[in-house]
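Subject: Structure handover

Hi,

Here is the structure I promised to pass on. My notes follow below it.

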Amino acid sequence: MLNASLQLQIQTLPDAPGVYQYYDKEDRILYVGKAKNLKKRVASYFNKIHETAKTNVLVKKIVTIKHIVVPTETDALLLENNLIKTLQPRYNVMLRDDKSYPWICIKKEAFPRIFPTRRMVKDGSEYFGPYTCFKTVNTILDLIKELYPLRTCNYDLSQKNIQNNKFKVCLEYHIGNCKGPCEANETEENYQKQVDAIREILKGNFKQSQKEFKRLMNDFASKMQFEEAQKIKEKIDVLENYQSRSTIINPKITNIDVFSIVSDESAAFVNFLQISHGSIIRSHTLEIKKKLDESDEELLQLAIFELRDRFNLLSKEIIVPFPIDLAENIKITIPQLGDKKQILDLSIRNAKFYRMDQLKQLQIVDPERHSNRIMAQMQKDLRLSEEPRHIECFDNSNIQGTNPVSACVVFKDGKPSKKDYRHFNIKSVIGPDDFASMEEVVFRRYKRMLEEKHPLPQLIIIDGGKGQLSSALKSIDELGLRGKIAIIGIAKRLEELFFPGDSVPLYLDKKSETLKVIQHLRNEAHRFGITFHRDKRSKSALNSSIETIPGIGEKTMLTLIKHFKSVKRLKLASEKEISEVVGISKAKKIIDFYKTVKA
């Protein structure tokens, strides 16, 4: 029941767009949210039971509601983003970067230097990036160095210092990497033209540089200066080679930002690509830590505002995987085919790879957190009432109806617990009957666990389709465990998951971690069962031979089988070959026995 204070605060909220803030009894900020209609949005938190426990806990802690009214929903989005970053509320998502990315800086100074950096200084300099690694930065800077001779020194090249001959040219000038502006050997106007051309290259536009170099090459050639023309030709080749590697889509696609999202139970990863003249000139992946049950639409919307604000993105068109409401004058494209779909797929692939890298690191650095995340994901995917910390999987093995056995493998916290694996010889079933065998084994397994008061699993997986699942359920019902343990069946052919009482199977994403854990369980059960079955058949065949040869014990026969690999080869061996393994006396008994059998 809502207390009077909160009820009054909700009733007095305006029907207008704005931002709301929740505070606890100690006046600590809990959550910041945006709304088209403040009254309706805030009231929705208190008039129902939420699906996630975290949201229900949040609602119980709310004591005070504050709000800020703004003119439009766009203003609400921007204000929400700023308040989250400033106040860092406990229940809001966390925006996290993986690291400090490198940038390329064009320094604001006379005869500007161009260099890589990880720090952005607000002194009017221009920054291009961020780039995913320094290898990319160095490749671009090497290209620039081959095309344009720029200074690398950090001298203050003011006109006064140059006129007073304060500096002398260095080695870079003598080897042709710099034209010596420090001694007035190059004008600032000419130098600036080169910087302007480099700026266009960093934006992904190579046309201006190509056009200028071709003009120079033709000028040198017309003046019969073929050596100089060849040098310019080499620069054109370098530029075209770099362009061919960096242009991955239609060069007509320009000034577009691409955003995609990949998410799981605990986090989302938003990849951003900036496209100019058909080239990717900027790439960035943002990790968002979920706190409540935020949708992909909400998270992508938040990330787009954050990234556009951070990188000062001014493009009028963005590409996204699904409809979102940005409430801005931006064209939103959701491509289905063509070049734009190709670049969206590339962005999604980048987000997936980044997520995989982060998960691998988490598995190494914090295995417990990795396990917790997988368990939470499995609970959600399989619609379970609790996390499946203890899972057991059953598989039957019989080849041509002989030696029927069953295997039970156990996983704890998503990992094999081999000390808990169990084998079963089928006792009550005659012939190859998988359904009856499954019923017997499941009954024996959990009857014993109940008698010995061992903790029961949260999930049972039956390797097989509806038939095997129904057989297992008979035993579960007989033991009174229906509803106390979740149970599903997995059919091998299409990886279909069957639930009791549901004729429609569940299909998980082929790359989902939940399916990978289930497949691992199924494969372990199959391997464990087949190994047991093979050993049983071998021992059965061996015992039949041992029992029929007078004077030959089990130890001797095992030695012989180990040497000759099979009973058939032993039968074909000569007395001399056998005597080399077990001696003349035993060899004669074996040869005489097989002669009698043949006769």
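I start with one side-chain pair. The side chain of Ser 406 makes a polar contact with the side chain of Asn 396, at 3.0 Å. A polar contact is a pair of N or O atoms within 3.5 Å; within protein, one must be able to donate a hydrogen and the other to accept it, and residues adjacent in sequence count only if both atoms are side-chain atoms.

Before the rest, the ground rules. This is a predicted model, where local features need pLDDT of at least 70, side-chain atom pairs count only at pLDDT 80 or more, and totals for chains, interfaces and linings use all residues. Residues are numbered from 1 along each chain as its sequence is written, and side-chain values use heavy atoms, with hydrogens and water left out.

**Ser 406**

Ser 406 sits in strand β14, residues 402–412. Helices (H or I, at least four residues) and strands (E, at least two) are DSSP runs, numbered from the N terminus. Ser 406 counts as buried because its relative accessibility is 1%. The cut-offs: buried is under 20% relative accessible area, exposed is over 50%, and partly exposed lies in between (1.4 Å probe, protein chains only). Leaving out residues up to four places away in sequence, Ser 406 touches Asp 395, Asn 396, Arg 422, His 423, Phe 424, Ile 426 and Val 441. Contact here means heavy atoms within 4.5 Å.

**Whole chain**

The chain has 20 helices and 19 strands. Of its 599 residues, 47% are buried. Take the contacts between residues at least 6 apart in sequence: 59% of them join residues at least 24 apart.

**Lys 54**

Lys 54 belongs to helix α3, residues 53–61. Its relative accessible area is 48%, so Lys 54 is partly exposed. Neighbours within four places aside, Lys 54 is in contact with Tyr 91, Lys 290, Lys 291 and Leu 292.

**Helices α1 and α2**

Helix α1 (residues 4–11) packs on helix α2 (residues 38–46) at about 155°, with axes 9 Å apart. That makes α1 roughly antiparallel to α2. Axes are lines fitted to C-alpha atoms, for helices over the stretch in contact, and angles run from 0 to 180 degrees between N-to-C directions. Angles under 35 degrees count as roughly parallel, over 145 as roughly antiparallel, 65 to 115 as roughly perpendicular and the rest as oblique.

Which residues meet? From α1, Leu 6, Ile 10 and Gln 11; from α2, Lys 39, Val 42, Ala 43 and Phe 46. By class, this contact has 5 nonpolar, 1 polar and 1 charged residues. Ala, Val, Leu, Ile, Met, Phe, Trp, Tyr, Cys and Pro count as nonpolar, Asp, Glu, Lys and Arg as charged, and the others, Gly among them, as polar.

**Sheets**

Two strands pair if DSSP finds at least two bridges between them.

An open sheet of 3 strands runs in the order β2-β1-β3, with antiparallel pairing. β2 and β3 (64–69) are at the edges with a single partner strand each, so one side of each has no neighbour in the sheet. The twist averages 20° from one strand to the next. β1 and β3 pair over 6 bridges. Gln 21 has Lys 66 in β3 as its bridge partner.

Another open sheet has 3 strands in the order β6-β5-β7, again antiparallel in its pairing. Its edge strands are β6 (114–117) and β7 (126–128), each pairing on one side only. Neighbouring strands here are turned by 30° against each other on average, direction ignored. Helix α8 (residues 188–202) packs on this sheet and touches β5, β6 and β7; its direction makes about 155° with that of β5. Strand β5 (residues 103–106) is joined to β7 by 3 bridges. Cys 105 has Tyr 127 in β7 as its bridge partner.

A parallel case: β17 (residues 459–463) is joined to β18 by 5 bridges. Ile 461 stands opposite Ile 488 in β18. Strand β18 (residues 486–491) is mostly covered, with 5 of its 6 residues buried.

**Backbone points to check**

Asp 27 is not a glycine, yet has a positive phi of about 65°. Asp 27 lies in the loop between β1 (18–23) and β2 (29–35).

Asn 165, also not a glycine, has a positive phi of about 55°. Asn 165 is in the loop between α6 (159–163) and α7 (171–174). Asn 165 counts as exposed, at 56% relative accessibility.

Best wishes
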